[in-house]
Amino acid sequence: MTLPSSSAQSARAVVARRLRDLRKGAGLTVVELARGCGWHHAKTSRIENAKTAPTATDIRLWCRTVGSEGQADDLIVQSLHAESMYSEWRHRTRSGLKQLQDSAVTFFRQTELFRVYSSTLVPGLLQTEGYAAAVLGMSARFRDLPVDDSVEAARARVDRSRIVHERGHRFVLLVEEAVLRYRVGDDAAMAAQLGHLLTAGALPAVSLGIVPTATKRQDQWPRETFHVYDDTLVSVELVSAQVRITQPSEIALYVRAFEDLRRSAVYGAAARALIVKAIEALG
């Protein structure tokens with residue numbers, strides 16, 4: 001599977017390659033193309049090597065210089081898509097963590113099938129307020145946010161998660177067993193979170209699978225945490241950014257990985273037994 005960071009870079013590289021092919025097809029050198037566009041030839045090299053993202057103006061000048069103005073609009077759209085794959089956290093969190101939770105409410109209501117795989121944390125849709133506050137508090141401190149509204153954000157996350165009780169949605173959630181053992185927050189918050197999994201996993205619209213640590217891996221090793229919304233969007237959270245993947249071929253890869261991981265999970269009584277063991281381990 002292609003890593004999300006590589007996916008974004010690959011999308012940029014496709015645009016760069018198309019521009020380079022247009023230049024070569026016109027029989028122009030890097031210097032000649034730069035002269036026609038009115039910039040230094042080093043800029044041409046940076047664009048063709050996907051080190052600098054071209055602006056819409058850059059692309060229009062490029063296409064005009066090579067005599068392919070008809071391709072400009074398509075290239076601009078493709079370039080904008082490549083750059084939008086990365087949404088830097090420092091921009092998305094500048095209005096606070098609560099705003100980030102609230103911004104997803106409408107999108108969640110429009111989504112019918114949620115598929116979530118997490119190797120690190122309890123999925124946000126099943127988080128309790130105490131657990132969510134601990135997670136979001138760590139995020140606020142790590143990112144040095146000017147305002148720590150993690151308590152309010154946790155409340156908003158829980159409110160947003162009430163969608164699991166609404167009709168018209170299905171939730172298939174997979175977690176690695178290690179998620180049950182990672183101590184997030186104090187013991188009371190962790191015990192409450194694990195107890196909530198016992199009840200939430202029994203909801204009619206929720207399928208909660210746990211991949212046991214002892215599972216013999218044949219198809220997939222633990223992957224990065226990702227969310228699949230219907231068949232239209234995959235969201236992957238990195239340390240520095242949230243990557244939004246909309247290319248059908250890449251979405252298909254994540255769906256394939258999800259299905260492989262789903263076959264490795266246990267459900268029902270077997271899943272509940274793993275949760276109970278994790279509660280007992282808290283002491």
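**Exercise 1.** In which kind of crossing, left-handed or right-handed, does helix 12 pass helix 14?

*Solution.* The model examined here is predicted.
- Step 1: Take the geometry of the pair. Helix 12 and helix 14 pack at an angle of about 165°, and their axes are 9 Å apart.
- Step 2: Name the relative direction. Angles over 145 degrees count as roughly antiparallel, and helix 12 is therefore roughly antiparallel to helix 14.
- Step 3: State the handedness. The crossing of helix 12 past helix 14 is left-handed.
- Step 4: List the residues that meet. Helix 12 brings L194, G195, L197 and L198, while helix 14 brings R272, I275, V276, A278 and I279.
- Step 5: The contact of helix 12 with helix 14 has 7 nonpolar residues, 1 polar and 1 charged.

**Exercise 2.** At what angle do helix 2 and helix 4 pack?

*Solution.* 
- Step 1: Locate the helices. Helix 2 covers residues 30–37 and helix 4 covers residues 56–66.
- Step 2: Read the angle and spacing. The two pack at about 115°, with their axes 9 Å apart.
- Step 3: Classify the angle. The range from 65 to 115 degrees counts as roughly perpendicular, so helix 2 and helix 4 are roughly perpendicular to each other.
- Step 4: Helix 2 and helix 4 make a right-handed crossing.
- Step 5: Name the residues. L33, G36 and C37 of helix 2 make the contact with L61, W62, T65 and V66 of helix 4. This contact divides into 5 nonpolar residues, 2 polar and no charged.

**Exercise 3.** How many residues does the largest nonpolar core have?

*Solution.* 
- Step 1: Give the count. The largest nonpolar core has 32 residues, and those with the most contacts inside it are L125, F171, L173, L180, L194 and L197.
- Step 2: Trace the contributors. Elements that each supply at least two residues of this core include strand 2, strand 3 (170–176), helix 12 (187–200) and helix 14 (268–281).
- Step 3: Note the other core. A second, separate core has 17 residues, L174, V211, V243 and Y254 among them.
- Step 4: In soluble globular proteins, nonpolar side chains tend to be buried together.

**Exercise 4.** Where are A50 and D144 found?

*Solution.* 
- Step 1: Locate A50. A50 is in the loop between helix 3 (41–48) and helix 4.
- Step 2: Locate D144. D144 sits in the loop between helix 9 and helix 10 (150–160).
- Step 3: Check the backbone. Neither is a glycine, yet phi is positive, about 60° for A50 and about 50° for D144.
- Step 4: Check accessibility. A50, at 15%, counts as buried, whereas D144, at 64%, counts as exposed.

Definitions and conventions
Residues numbered from 1 in each chain as written. Predicted model: local features only at pLDDT ≥ 70, side-chain atom pairs only at ≥ 80, totals over all residues. Heavy atoms only, no water. Core = buried A, V, L, I, M, F, W, Y, C linked by side-chain atoms within 4.5 Å. Buried < 20%, exposed > 50% of the residue type's maximum accessible area, 1.4 Å probe, protein only. Helix = DSSP H or I, 4+ residues; strand = E, 2+ residues; numbered from the N terminus. Axes fitted to C-alpha atoms, helices over the stretch in contact; angles between N-to-C directions. Parallel < 35°, antiparallel > 145°, perpendicular 65-115°, else oblique. Left-handed = near helix turned anticlockwise from the far one by under 90°. Contact = heavy atoms within 4.5 Å. Nonpolar A, V, L, I, M, F, W, Y, C, P; charged D, E, K, R; others polar.
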